[in-house]
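Here's a quick briefing to read alongside your model.

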Amino acid sequence: MLNIVFMGSPEFAVPCLDAISEHPNAQLVGVVSQPDKPAGRGRKLTPPPVKARALELGIEVYQPPGLRKEGRLDPIFAWKPDLIVVVAYGKILPKELLEYPKFGCINVHASLLPRHRGASPIHQAILQGDETTGVALMQMDEGLDTGAVLAQAEQPLTPFSRTPELSESLSRLG
């Protein structure tokens, strides 16, 4: 059984969280997500979709405001992950965290790397008029989406491709 920590926040990451939670050889030992944020007219604190889903699954959630201050990695290390899976977490991970798990950290990125590194690859694929996009699984390193690509899956784009639909299909593909 592989102990896995999942790091992610938006709706895009939820299908990957679900897939890992259903895998017979994976034990989700914890989820790291961005802190709750005010939303709506009443500015009510709202949990990120990944946190909400993790709680539904009965998985412990940790929401640090950042990872670089002293002691902020301790709860993650206490889970003793063999692998960390990152999907749209929204922060660059410190080297100490990248090197901690036996199998490192794997990122699910919504583009065919090295094209469209960074935070808005789906938008960029559409704006650049790409004919194909997809999802890349990569071994994380200290750079921004610069690690070794382990696998990729392609999806064609059309002139009618739009961000919401593409985001949904790429999240399932991931």
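In which helix is Leu-173 found? Leu-173 sits in helix H6. Keep in mind that you're looking at a predicted model.

**Leu-173**
- With a relative accessibility of 36%, Leu-173 counts as partly exposed, because that label covers values between 20% and 50%.
- Setting aside residues up to four places away in sequence, Leu-173 touches Val-135, Ala-153, Glu-154 and Gln-155.
- Leu-173 and Ala-13 are 160 residues apart in sequence, yet their C-alpha atoms are 11 Å apart in space.

**The largest pocket**
- The largest pocket holds about 660 Å³ of space.
- Its lining takes in 31 residues, and Ala-88, Tyr-89, Gly-90, Gly-118 and Ala-119 lie nearest the centre.
- Strand E7 (105-109), helix H5 (121-127) and helix H6 (163-173) are the elements that each give two or more residues to this lining.
- By residue type, the lining of the largest pocket splits into 16 nonpolar, eleven polar and four charged.

**The second largest pocket**
- You'll find about 270 Å³ of space in the second largest pocket.
- It is lined by 14 residues, with Ile-4, Ile-20, His-23, Leu-83 and Val-85 closest to its centre.
- Two or more lining residues come from each of strand E1 (2-8), helix H1 (14-22), strand E6 (83-87) and E7.
- H1 gives the most to this lining, with three residues.
- The lining of the second largest pocket has eleven nonpolar residues, three polar and no charged.

Terms used
Residues are numbered from 1 along each chain as its sequence is written. This is a predicted model: local features need pLDDT of at least 70, side-chain atom pairs count only at pLDDT 80 or more; totals for chains, interfaces and linings use all residues. Side-chain values use heavy atoms; hydrogens and water are left out. On a 1 Å grid over the protein atoms alone, a cavity is a set of points where a 1.4 Å probe fits but cannot get out, and a pocket is an open set with protein on both sides within 12 Å along at least five of seven lines; lining residues have an atom within 4 Å of a point. Grid points are joined across faces, edges and corners, and a volume is the space filled by probe spheres set on the points. Helices (H or I, at least four residues) and strands (E, at least two) are DSSP runs, numbered from the N terminus. Ala, Val, Leu, Ile, Met, Phe, Trp, Tyr, Cys and Pro count as nonpolar, Asp, Glu, Lys and Arg as charged, and the others, Gly among them, as polar. Buried means under 20% relative accessible area, exposed over 50%, partly exposed in between (1.4 Å probe, protein chains only). Contact means heavy atoms within 4.5 Å.
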